[in-house]
Amino acid sequence: MKRISILLTGLCCLILASCSTSGSGPLFDGKSTDKWTTSGQVFVENQTLVLKGGHSSAVLKNANYRNFTLSMDVRTTPGGKGALWFHTTPSLSKGYQVAINNDREDQVWWKMSGSLISVRNLTKSFVKENEWCKMDIQVDGNAIAVYINGAPVVEYIEPASPYRVGPNASATLSEGTFAIVSNGSGDIQVKNIEVTVLPEKSFTEIDAQLIQAVNEQSDEIIKLHQEDFPVLDYHVHLKGGLTKEVAAKQSRQTGINYAIAPNCGIGFPITNDDEVMAFLNEMRSEPFILAMQAEGREWLTTFSQEVRDEFDYVFTDALTFNDHKNRRTRLWIQEETWIDDEQKYMDLIVDKICDVLEEPMAIYVNPCFLPSPMDERYDEFWTEERMNKFVDALAKSGKALEINELYNIPNKAIIMKAKEAGVKFSFGSNNVTPEVSDLSYSIRMKKECGLTAEHMYKPSIKI
């Protein structure tokens, strides 16, 4: 009993030590930087706190917050980027960072505004440079949430044993002050900075949160974030009961960004330009990258280039074609696949893939797929000669290669050859149910083939 009492006393002291000791209210009066310790080019202009260029920072003086909601209006000029720190110190020796970055041309394209940096990085840019947005950051017990213009973009629960490595080792919950740091070539402009202190959570409430947390010691997704790798599923479908609302929440909670792709083509849900635009008008404000899955070989005449260009990127596969007898073939349907001679049919498949690579799309998906029963001898049919022919055509085309979760294709040998040829890659679930993949095959191939962030395809994201 004595030991339990000591433990409880220690825990109570820990909680009391981590309570907010600063109050609610405005943190910036629009007139001066008196409440902030500044360095670099920091000044007030038009009731706005301006951090100009790199190596500029503003740290809130004499402040200690644990549970809070911080609200502010933020704008970046071209090239402006940085972060809002919380639970930090005047020397920025600990704490979390929330990204401030609206530069869609940034080479580090997976840390857009709202990202809980290296924990929940975001690939979608929600606002444009030179536009004001409202950013809210909330810490409530072990739950961290980030909102952009009122919409949730991060929902994260820090587990009892968070996975952190390298420079992220101190990115954990504690207590501390706020800081705004600029490290880009442009400006970060901030106004209407206010904080509301939230009550402390009870032991029971914290336990309830921790039950929902992911075991990060065995979670591969947090490890990708920690190593600064873009975590994007480039090939997700709203089908089988997966709605945009469910997909958005699922994406926030798992830490996997989604590119939502409708199937566009004859006999598919979207069959003309008007239907494409209706989809885009509904989805453009959602927290997804938007891709077009072009179906069949007639997609180029079914949809205008003007409308196709409205997507962030277009992808297609070589599963649909007319065979040597001009029969419409869909390789995933056995009744529509006529195989008289397997070796000749394999040569036909390779030729059709090379033809498809000439089409004006960004990513070749469902790659190197083989129909049943040939798929049971995948490595036998994909000979060295055939792999070389395919990879040569792929590299020449400039298209990216999908690593596909539904079929676990292509194999390692093809991926390695593509990597050596300078091909870019994407990860794709191609889900047929609401349970979008955990990217396990893609992550395994990433490790075995030594893929890094530089090997991944960068979408051209529109707003």
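This is a predicted model: local features need pLDDT of at least 70, side-chain atom pairs count only at pLDDT 80 or more; totals for chains, interfaces and linings use all residues.
Q: What makes strand β8 and strand β9 count as a pair?
A: Two strands pair if at least two bridges are found between them. Strand β8 (residues 143-148) and strand β9 (residues 151-157) are joined by six bridges in the antiparallel sense, so they meet the cut-off of at least two.

Q: Why are the buried residues of α11 said to line one face of the helix?
A: The residues in question are I414, I415, K417 and A418. Viewed down the axis of α11, they fall within an arc of 165 degrees, so they line one face.

Q: What covers the buried residues of α11?
A: The cover includes α9 (378-381), α10 (384-397), β20, β21 and α12. Just after α11, G422 has a positive phi of about 85 degrees.

Q: Why are some residues of helix α12 called buried, and which are they?
A: Buried means under 20% relative accessible area. In α12 (residues 440-449), Y441, S442, I443, M445, K446 and C449 are buried, so each of them lies under that 20% limit.

Q: What covers the buried residues of α12?
A: Among the covering elements are α3 (220-226), β20 (400-404), α11 (412-420) and β21 (425-428). Just after α12, G450 takes a positive phi of about 70 degrees.

How values were computed. Residues are numbered from 1 along each chain as its sequence is written. Side-chain values use heavy atoms; hydrogens and water are left out. Helices (H or I, at least four residues) and strands (E, at least two) are DSSP runs, numbered from the N terminus. Buried means under 20% relative accessible area, exposed over 50%, partly exposed in between (1.4 Å probe, protein chains only). Contact means heavy atoms within 4.5 Å. The arc is that of the directions from the helix axis to the C-beta atoms.
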